[in-house]
Amino acid sequence: MFDINWRGLLLPLAYLAVLAGTFVTFSTVYRRRKALQSANLAPWFGPHLQRNIYLSLLHMEPEEGSEKAPKIPDSVIRAALLRRAVEDINRIIQIRTAKAACSSLLQRGSVGDDLWQRFQRAEKEMEDELRDVVMEANALVPGWGQIIFQSANEIAANKVLRDRLDEIEAQADKEKEWWEKRRATIQTEFMKELDTESEKSNTRPSTSSADEPVLVDGPSTPQGGPRKRKGKK
């Protein structure tokens, strides 16, 4: 049997223990600092107004002097949840649009890690939000969670189409106003040119009738040429 020199191993073991303790302490402090920085980062999106409205309707508190909270119709709650899903669809579209751009800018070093952390946190929050909406929809109407986002997507697409049509109509009114002004300007310039031409024609000197050429008609001959005289028989 070999004798183990514990005194000789004491120093290496102490070194390993100090090294492991330093690594654990550094990892804990680093994670806490990252978590604190992530908490202090500005959110990617603003306040979710539709979600706040839905939760306010769902958890309506009783008024002063009343023991029971006012009864909110189920149709109103379902409409509020649907509006919340529509807002989630719009945010999902924004995240999908910005993901490729943020990833490309991060690889180039054009943006810092803070922006990428904000984006990842927003992506994680949207996943939790979608899951919550599906659960709420199934709680209100069984099976509604499977089709609520399909309905919300149609509503969002119709809203985009209406906004585009309103924008086109607004541009049409502006273009019509511009064309009316342009037509009035062209008409004014044309009338000025006509007045200028008439003034020039009035100021030209008039020629006398003596200078005009006179056409002199010769002796007229009857049709068929000159007649032949008949000789005496």
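**Entry 1: Val133.** I began with the neighbours of Val133: leaving out residues up to four places away in sequence, Val133 touches Leu81, Arg84, Ala85, Asp88, Ile148 and Phe149. I take contact to mean heavy atoms within 4.5 Å. Val133 lies in helix α4; helices here are DSSP runs of H or I with at least four residues, strands are runs of E with at least two, and numbering starts at the N terminus. Val133 has a relative accessible area of 0%, so I noted it as buried. For burial I use under 20% relative accessible area as buried, over 50% as exposed and anything in between as partly exposed, with a 1.4 Å probe and protein chains only.

**Entry 2: ground rules.** This is a predicted model, where local features need pLDDT of at least 70 and side-chain atom pairs count only at pLDDT 80 or more, while totals for chains, interfaces and linings use all residues. Residues are numbered from 1 along each chain as its sequence is written, and side-chain values use heavy atoms, with hydrogens and water left out.

**Entry 3: Ile148.** Next I followed one of the contacts of Val133 to Ile148, which sits in helix α5 (residues 148-202). Is Ile148 buried or exposed? Its relative accessibility is 0%, so Ile148 counts as buried. Beyond its neighbours within four places in sequence, Ile148 is in contact with Leu81, Leu82, Ala85, Val133 and Ala137. The C-alpha atoms of Ile148 and Ala137 are 7.3 Å apart, and the two residues are 11 apart along the chain.

**Entry 4: the whole chain.** I then stepped back and found five helices and zero strands in the protein chain. Along the sequence the pattern reads α-α-α-α-α. Buried residues make up 14% of the 233 residues. Of the contacts with a separation of 6 or more, 71% join residues 24 or more positions apart.

**Entry 5: the annotated stretch.** I checked UniProt too: an unreviewed entry gives residues 12-30 the annotation "transmembrane region". Such annotations may be inferred rather than shown by experiment; positions follow the numbering used here, and feature names are shortened. In the model, residues 12-30 are 100% helix and 0% strand, with the end C-alpha atoms 27 Å apart.

**Entry 6: aromatic rings.** How many aromatic pairs does the count come to? The count comes to one aromatic pair. The rings of Trp116 and Phe119 have centres 5.6 Å apart and planes at 25°, so I logged the pair as stacked. The rule takes rings of Phe, Tyr and Trp (its six-membered ring) with centres within 6.5 Å; planes under 30 degrees apart are stacked, over 60 edge-to-face, and the rest tilted. Trp116 and Phe119 are three residues apart in helix α4 (residues 113-140), about one helical turn. Phe119 has 0% relative accessibility and counts as buried.

**Entry 7: His48.** Last, I looked up His48, which is in the loop between α1 (6-40) and α2 (49-58). At 3% relative accessibility, His48 counts as buried. Not counting residues up to four places away in sequence, His48 touches Arg84, Glu87, Asp88, Arg91 and Glu129.
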